[in-house]
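Colleague: I have the sequence and the fold open side by side. Can we go through the cavities, the pockets and the core, one question at a time?

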Amino acid sequence: MADYRPQIQQLARAHQYRLHPFALKRLSDFLAEARPNEGDGQNLLRDLFTLLQKQTSASTNAQDRFVDLDRINGIISLQVSKMKGVYQHESGPAVQVVSLKEVPRTYIDPNAEEVRVQYPEGSPFFSPSSTLSTSDGPGGQVGAWRQRYRLCRRRCLRSGIYRKEIKSNAAHLGEEFLPLLVTSSLEGIGAQQQVAVLGLLVQRGEGFLLEDLRGQVKIEFELDSDPGRSVADPSVFVGTGFLVVAKGFFENSVFRVRRVELPPVERREAVLADVGPIDLFGLGPQDLTATHTIEKAAVQSVILFLAHVHLDKPRTMQHLQFFFQRMQERSEAELADTTFVLIGNFCSTPLRPAAVSHLPDVFDEADGLRVLFDQLAQCIVTHCPTGATHSHFILIPGPEDGTSLQGFLPQPPLPASVLKNFRSRVRKVSLAPNPARLRFCTHEIVVCRREFLHDLQAADTAFAESVKGATSGSNSAGRPLHSSLENFNPSTSTSASFERVAKTVVDSAHLVPDARGVTKVLWPLDHTLSLPALPHTLLLCDSTEPWECFYKDSHVINPGSFAVSTSFLWYTPSDGECNLSNVE
């Protein structure tokens, strides 16, 4: 292995740096592993010292010229990111796509009852000791549900709303902090003692069960004479297959439920304060301080999100032409700092041979997609040639696009073979899964494309109807059985509906809280759908109207449908500012 230490020391003296011997050896080993030729080796070494100078200038102690091993590891990490295409040009960072294999697996150690993170091999945070137990190991539905349950229970107990044990001197009906019990602990408590139970809501025939790690209990929904209250929390959607907190009284082997809620969610800062400075998202930078400095300086960086880009519709293609014509008016430097995120479905109808017969030379759905993306490439190259050369394009499939697993989440990226011609004409293209995790330095963005309102409302209404049938007319006192039957009208404002969607997803800390609903879960990858720490920005790409809100300090946005209303999201990640716009 070549020794680059003499060249490193010479350049360090020129820049007035003092290198620790370990740092000097690490830098030499990195250059040897890169195996550059003579000219490229000198350029790589100068790039490393340029990054070191920028970090020193941004530091509060700019006079510190001593470089230790930790500091040089951070510089090498930044340079590796730059070499892999993380940086489009020297002054502006770009968006990283976290692949499904790169998403850390966050879980609760059942023995220590502490949060653990399993990183994929190759990650700088990887540790062979961080592995799941055999019973909870990846690959099965049971293990995924166990970890969902443990993470939810930890959130409940940390929220301050619930406590572990029953206090003998607590008031039975007016108790402020209810004990959160497991099903096996219900036997023996007094019939007048109100308790809470976290579990999976399951329907068996016309009845309901609540299941947890210790067993299950039959539940009946109890009504009272208060017309202002409903069995389910009216601010969220609830249905079978949800993890819920049920509150009520246990009597004669039946848990009589008076209230059903979703588990409380923690703010991002509280979670990170609990688990420490570890990466729960994927592709986390090793030097947070240096990366954060770069992020705040990248004020020109822009991400544009366009969802429901129906490439088979002439009207959509006309709007795309106008859109990219306007983008071409921006300068080359501005377009170099621009990322276009195009989200499916990319065809207005499911891609099947009969459904795309109006397209030329279509033999199968892969050919159909290839034709559509060839048209898109032509549109970009013709109307925004500067963007085709300098901008970053990220493609995220929709539920009905031609990927290998339709109807399941997570959904793999679009086939690379379909995008071969597109990628030959557009310089920088990334293929992302659905949901996609996008990282901009320290800023974390999750994008998920599914029919959230339709699916969650369907689960909610089915549950309400089942409860109504199970109670069979015992609602004479006037109390609503469920909010969806009494208060929800499909014609109500989109904002009210989407606010329920946002709260349901965030409170569940999962993109598929209705795991037994329309959308199926690919259980070995269930952790990629989980939100152990809320992202800075959460895009729930529904086919409803554009909408946004802040909930638990997370920015939840629906960019709307570009095909229907030409709406798109203009987003600046350096400060988190966004603007819902449209072409017309």
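Colleague: What volume does the second largest cavity have?
Modeller: Bear in mind that this is a predicted model. The count comes to 6 cavities of 30 Å³ or more. For the second largest cavity, the volume is about 80 Å³.

Colleague: Which helix gives the most to the lining of that second largest cavity?
Modeller: The lining includes Trp145, Arg148 and Cys152. Helix H5 runs over residues 141-158. The top contributor, with 3 residues, is H5.

Colleague: How many charged residues does the lining of the second largest cavity have?
Modeller: Among its lining residues are Gly241, Phe242, Leu243, Pro263, Ser508, His510 and Pro513. By class, 6 are nonpolar and 3 are polar. The charged count is 1.

Colleague: Now the second largest pocket. Which residues are the closest to its centre?
Modeller: This pocket has a volume of about 530 Å³. Its lining holds 15 residues. The closest to the centre are Glu113, Tyr149, Arg150, Arg153 and Arg214.

Colleague: Which element gives the largest share of the lining of the second largest pocket?
Modeller: Two elements give two or more residues each: helix H5 and strand S9 (178-181). The largest share is 5 residues. That share comes from H5.

Colleague: How many residues of that pocket lining are charged?
Modeller: The lining of the second largest pocket has 8 nonpolar residues and 1 polar residue. The charged residues number 6.

Colleague: Let's turn to strand S25. Why is it described as largely enclosed by the rest of the structure?
Modeller: Strand S25 covers residues 554-558. Buried here means under 20% relative accessible area. S25 is largely enclosed because its buried residues number 5 of the 5.

Colleague: Which residues of S25 point the other way from Ser554, Val556 and Asn558?
Modeller: In a regular strand, side chains alternate between the two faces of the sheet. Ser554, Val556 and Asn558 point one way, and they are buried. Pointing the other way, and also buried, are His555 and Ile557.

Colleague: Which residue takes a positive phi in the hairpin of S24 and S25?
Modeller: Strand S24 (residues 547-551) pairs with S25 in the antiparallel sense over 5 bridges. Tyrosine 551 stands opposite serine 554. The hairpin has 2 residues between the strands. The one with a positive phi, near 55°, is lysine 552.

Colleague: Last one. What percentage of the protein's residues is buried?
Modeller: The protein has 16 helices and 27 strands. It has 584 residues. The buried part is 54%.

Key. Residues are numbered from 1 along each chain as its sequence is written. This is a predicted model: local features need pLDDT of at least 70, side-chain atom pairs count only at pLDDT 80 or more; totals for chains, interfaces and linings use all residues. Side-chain values use heavy atoms; hydrogens and water are left out. On a 1 Å grid over the protein atoms alone, a cavity is a set of points where a 1.4 Å probe fits but cannot get out, and a pocket is an open set with protein on both sides within 12 Å along at least five of seven lines; lining residues have an atom within 4 Å of a point. Grid points are joined across faces, edges and corners, and a volume is the space filled by probe spheres set on the points. Helices (H or I, at least four residues) and strands (E, at least two) are DSSP runs, numbered from the N terminus. Ala, Val, Leu, Ile, Met, Phe, Trp, Tyr, Cys and Pro count as nonpolar, Asp, Glu, Lys and Arg as charged, and the others, Gly among them, as polar. Buried means under 20% relative accessible area, exposed over 50%, partly exposed in between (1.4 Å probe, protein chains only). Two strands pair if DSSP finds at least two bridges between them.
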